[in-house]
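The sequence and the model are shown first.

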Amino acid sequence: MGALRTPLVSKFVIIILILVGLSSVSISNAAKSFYIVGDLGPWGFLEHYDSWAFKRSFVAGDVVVFKYPATVHNTVRVSIAGYNSCEATKTESMNASWTGNDMYSLRKGYNYFICGIPGHCNAGMRIKIFAK
């Protein structure tokens, strides 16, 4: 009888640890903030996205959402070089999003995004966001 209890107790302890772990994941997700880039307007031309980002306090794990008419624009997470030159690398371009409801979890430090359609980034469709 004692031999049967030990595996049951061990399984019970494992289940409790899993539940505690899952509850902390839920708490962690609840702490994330979601931001629509540019607030009410869609991701598009003539916006001052860097000043929009500068006015906010982001933390790693926050989510930014780019809203725009699908297939008209896109979003590409790029390096600082891609941000400065308005050109994504081949690998970055392959990971472009075209949904019109693109969501990115921010990494700690600077995060850079551009529209990868030729001419769009140079027309103002780029943003750098700092996350603590």
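What follows covers the disulfide, then the aromatic pairs, in a predicted model.

**Cysteines**

One disulfide turns up in a search of the whole structure. Its partners are Cys 86 and Cys 121, with sulfur atoms 2.1 Å apart. The torsion about their S-S bond is about -65°, so the disulfide is left-handed. Cys 86 lies in the loop between helix H3 (80-85) and helix H4 (90-94), and Cys 121 in the loop between strand S5 (109-114) and strand S6 (126-131), so the bond ties together parts 35 residues apart in sequence. Cys 115 takes part in no disulfide; the nearest cysteine sulfur, that of Cys 121, is 8.1 Å away. The accessibility of these cysteines is as follows.

| Residue | Relative accessible area | Class |
|---|---|---|
| Cys 86 | 13% | buried |
| Cys 121 | 3% | buried |
| Cys 115 | 1% | buried |

**Aromatic rings**

The whole structure holds 10 aromatic pairs. One of them is Tyr 35 with Phe 58, edge-to-face at 4.6 Å centre to centre and 65° between the planes. Tyr 35 belongs to strand S1 (residues 34-36), while Phe 58 is in the loop between helix H2 (49-54) and strand S2 (63-67), 23 residues apart. Both Tyr 35 and Phe 58 are buried.

Tyr 83 and Tyr 112 have ring centres 5.3 Å apart and planes at 45°, so this pair is tilted. Tyr 83 in helix H3 and Tyr 112 in strand S5 are 29 residues apart, and both are buried. The charged end of Arg 126 sits over the ring of Tyr 83, 4.7 Å from its centre.

One aromatic cluster is formed by Trp 43, Tyr 49, Phe 66, Tyr 104 and Phe 113.

How values were computed
Residues are numbered from 1 along each chain as its sequence is written. This is a predicted model: local features need pLDDT of at least 70, side-chain atom pairs count only at pLDDT 80 or more; totals for chains, interfaces and linings use all residues. Side-chain values use heavy atoms; hydrogens and water are left out. A disulfide is a pair of cysteine sulfur atoms within 2.5 Å. Helices (H or I, at least four residues) and strands (E, at least two) are DSSP runs, numbered from the N terminus. Buried means under 20% relative accessible area, exposed over 50%, partly exposed in between (1.4 Å probe, protein chains only). Rings of Phe, Tyr and Trp (its six-membered ring) pair if their centres lie within 6.5 Å; planes under 30 degrees apart count as stacked, over 60 as edge-to-face and the rest as tilted. A charge sits over a ring if NZ of Lys or CZ of Arg is within 6 Å of the ring centre and within 35 degrees of the ring normal.
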